Amino acid sequence: MKAIKTIGVLTSGGDAPGMNAAIRAVVRTAAFHKLKCVAIFQGYQGLIDDVTRVMTPRSVNNIINKGGTMLKSARCLEFRTKEGRKKAFETIQKHEIDALVVIGGDGSFTGAMIFQKEFDLPVIGIPGTIDNDIYGTSHTLGYDTALNTVTEAIDKIRDTASSHNRLFFVEVMGRDAGHIALNAGIGSGAEEILIPEENMGLDRLLESLKRSEKSGKSSSIVVIAEGDKTGKNVFEIASYVEKNLPYYEVRVSVLGHMQRGGAPSCFDRVLASRMGVYAIETLLEGKSNLMVGIKDDNMILTQLDKAIKGKSKINKELIRVSDILTI
Ligand code: ADP
């Protein structure tokens, strides 16, 4: 592998709080090691269209506390084609970029892996997604912030639920993974939590809600992940329950995109800083095709293909804890 003098960095796919802190860490670590850093805007689209800017440590002042990504993100169909990737590589050659840091989710890593194979360009991935659904790290960037955002939102919903004897169904993000629902559900004292990994079934949900009504609870909150296993959406589940439990006044709240926004938590800022430093140091050691991650508070590396194909499992202990505490 030839000596690395110039690093490229981009954010791709869904944005997540902490991406800016990771960009800052990549840019400053590159400068620390006397490397040039070229930022690429709008993900792979910017690589194809050559939307780039040389970054210095001062280019990333005052972004550690900002949500979203200053480099913008995009979904780019053209990068899925060989011709698109050829154009992208022309930008790499034009700016003499020797290695690329991709901050994104598993889609972005798939693109990075294909690009690396086709053009023999070293790449390192930094996992940024609020869903925490990437194998090879206990936490992805943005996940901790999203948990805090969701918990705070449910706390507010609880105020109105308890004032009116209402049963609230709160839908949170998570098409394939229940990490947000499970953790924010426990953190906000939800009555029941429906996730994609476990089929709870509507009858069990009804039984549980009946039990809590009998035990004296006058309001309840059920947290539902977008991709829960019942096969019904949150409105269908709510109307089914309303029909069967007429004493509850049922309401639905879909939290939506607010879960992706906001200032990153301290945890996400520190994680992003560590991942950014580690990504550059890993490239300087001559390694490539890896994702940086964290496990038991240590930085670790995972092959990109494993990070993409592997499944990040929920902690079943949390289901047990939730079941016990909703007595
Ligand atoms: P995320 O990274 O958050 O999972 P996406 O799945 O939308 O988000 O992927 C982001 C981008 O990565 C896509 O818009 C596309 O440009 C690129 N990408 C994803 N899959 C591939 C693929 N199989 N080949 C080439 N590029 C891909």
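Predicted model: local features only at pLDDT ≥ 70, side-chain atom pairs only at ≥ 80, totals over all residues.
Seven strands form an open sheet in the order β3-β2-β1-β4-β5-β10-β11, and the pairing is mixed. Strands β3 (52–55) and β11 (298–303) stand at the edges with a single partner strand each, so one side of each has no neighbour in the sheet. On average, neighbouring strands are turned by 30° against each other, direction ignored.

Strand β1 (residues 6–11) is mostly covered, with 6 of its 6 residues buried. In a regular strand, side chains alternate between the two faces of the sheet. From β1, Thr6, Gly8 and Leu10 point one way, while Ile7, Val9 and Thr11 point the other way.

Two strand pairings involve β2 (residues 36–40):

| Pair | Sense | Bridges | Partner residues |
|---|---|---|---|
| β1 and β2 | parallel | 4 bridges | Thr6 and Lys36 |

Helix α1 (residues 19–32) lies across β1, β2, β3, β4 (99–104) and β5 (123–127), and runs at about 165° to β4. Helix α9 (residues 266–284) lies across β1, β4, β5, β10 (290–295) and β11, at about 140° to β10.

**The α7 and α8 pair**

The axes of helix α7 (residues 202–214) and helix α8 (residues 234–244) come within 11 Å and cross at roughly 50°. Therefore α7 is oblique to α8. Their crossing is right-handed. Leu202, Asp203, Leu205, Leu206 and Leu209 of α7 make the contact with Ile237, Tyr240, Val241 and Asn244 of α8. By class, this contact has 7 nonpolar, 1 polar and 1 charged residues.

Conventions
Residues numbered from 1 in each chain as written. Heavy atoms only, no water. Axes fitted to C-alpha atoms, helices over the stretch in contact; angles between N-to-C directions. Parallel < 35°, antiparallel > 145°, perpendicular 65-115°, else oblique. Left-handed = near helix turned anticlockwise from the far one by under 90°. Contact = heavy atoms within 4.5 Å. Nonpolar A, V, L, I, M, F, W, Y, C, P; charged D, E, K, R; others polar. Buried < 20%, exposed > 50% of the residue type's maximum accessible area, 1.4 Å probe, protein only. Pairing = 2+ DSSP bridges.
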